[in-house]
Amino acid sequence: GYTGPVFFCDTDCAYEAKVSFIGTSNQVAAYEGGVYGVAVNGEATKALIIYGQEGDNTSNLRKAGYEQALAEAGLEPVAEVSGNNTTDGATKVMENQLIANPDINLVLCHNDDTAIGALNACRQAGVEGVTIIGFDGNASAIELIASGDLQATIAQQPKLMGYLSVEAALKVLNGEEVDKNIVVSTVIIDSENCAEYLG
């Protein structure tokens, strides 16, 4: 069996022989996106959280980050519902929420497919002025940010994670020390910087 150094990239895990985790905390990234979202609407923020699969670790962390951002602003989410990680699931959830909570003006989403679903529901209902924030930095979401339909997406810089993982492995193989946790910063992609990520 393999007995060399072990690195975790993007998703961390408790493992005795782990040398380093290279990545972004899902909770921290979602927190930063939540803070950004609250800043858009200020004190009038009425936030809906559409999270992923029930009980999924990534979903739980992202939901916790959004909740933390709202709590620090003295806010509670209007509702928290699962969109099952799909565009269709999120569309149905958003349709229901626009009826149940018509004053929603911020939607914090588990991923970009969820954000697109929320956007579809708003379009179909003729509702404008809802700030929708996705997560993952997918090209489909970035195009919708460029066209002014989505507000933002939270991106975790996977290429940089990969680069830093290889760099850390080489250092260890050369007998150098590396940090136990190499933090890759989150980027919030919105209309200000989306041109850099189109392509």
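**View 1. Helices H5 and H6 at the largest pocket of the predicted model.** Helix H5 (139-146) and helix H6 (158-173) each contribute at least two residues to the lining of the largest pocket. The structure shown here and in the following views is a predicted model. The volume of this largest pocket is about 320 Å³. Its lining comprises 15 residues, of which Gly-137, Ile-142, Pro-158, Lys-159 and Tyr-197 are the closest to the pocket centre. Classified by residue type, the lining of the largest pocket consists of 8 nonpolar, 4 polar and 3 charged residues.

**View 2. Contact of helix H4 with helix H5.** The axes of H4 and H5 are 9 Å apart, and the two helices pack at an angle of about 40 degrees. On the H4 side, the contact is formed by Asp-112, Ile-116, Leu-119 and Arg-123, which meet Ser-140, Ala-141 and Leu-144 of H5. By class, this contact of H4 with H5 holds 4 nonpolar, 1 polar and 2 charged residues.

**View 3. Contact of helix H3 with helix H4.** Helix H3 spans residues 87-100 and helix H4 spans residues 112-125; their axes come within 7 Å and cross at roughly 45 degrees. H3 and H4 are therefore oblique to each other, and the crossing of H3 and H4 is right-handed. H3 supplies Thr-87, Ala-90, Thr-91, Met-94, Glu-95 and Leu-98 to the contact. The residues of H4 that they meet are Asp-113, Thr-114, Ile-116, Gly-117, Ala-118, Asn-120, Ala-121, Cys-122, Gln-124 and Ala-125. The contact of H3 with H4 includes 8 nonpolar, 6 polar and 2 charged residues. Ile-116 of H4 takes part in this contact with H3 and also in the contact with H5.

**View 4. Contact of helix H1 with helix H2.** The axes of helix H1 (residues 26-41) and helix H2 (residues 57-72) cross at roughly 40 degrees and come within 7 Å. H1 and H2 are therefore oblique to each other, and H1 passes H2 with right-handed geometry. From H1, the contact residues are Asn-26, Gln-27, Ala-30, Tyr-31, Gly-34, Val-35 and Val-38. From H2, they are Thr-58, Leu-61, Arg-62, Ala-64, Gly-65, Tyr-66, Gln-68, Ala-69, Leu-70 and Glu-72. The contact of H1 with H2 is made up of 9 nonpolar, 6 polar and 2 charged residues.

Note on methods: Residues numbered from 1 in each chain as written. Predicted model: local features only at pLDDT ≥ 70, side-chain atom pairs only at ≥ 80, totals over all residues. Heavy atoms only, no water. Axes fitted to C-alpha atoms, helices over the stretch in contact; angles between N-to-C directions. Helix = DSSP H or I, 4+ residues; strand = E, 2+ residues; numbered from the N terminus. Parallel < 35°, antiparallel > 145°, perpendicular 65-115°, else oblique. Left-handed = near helix turned anticlockwise from the far one by under 90°. Contact = heavy atoms within 4.5 Å. Nonpolar A, V, L, I, M, F, W, Y, C, P; charged D, E, K, R; others polar. 1 Å grid on protein atoms, 1.4 Å probe; cavity = no way out; pocket = protein on both sides within 12 Å on 5 of 7 lines; lining within 4 Å. Points joined across faces, edges and corners; volume = space filled by probe spheres on them.
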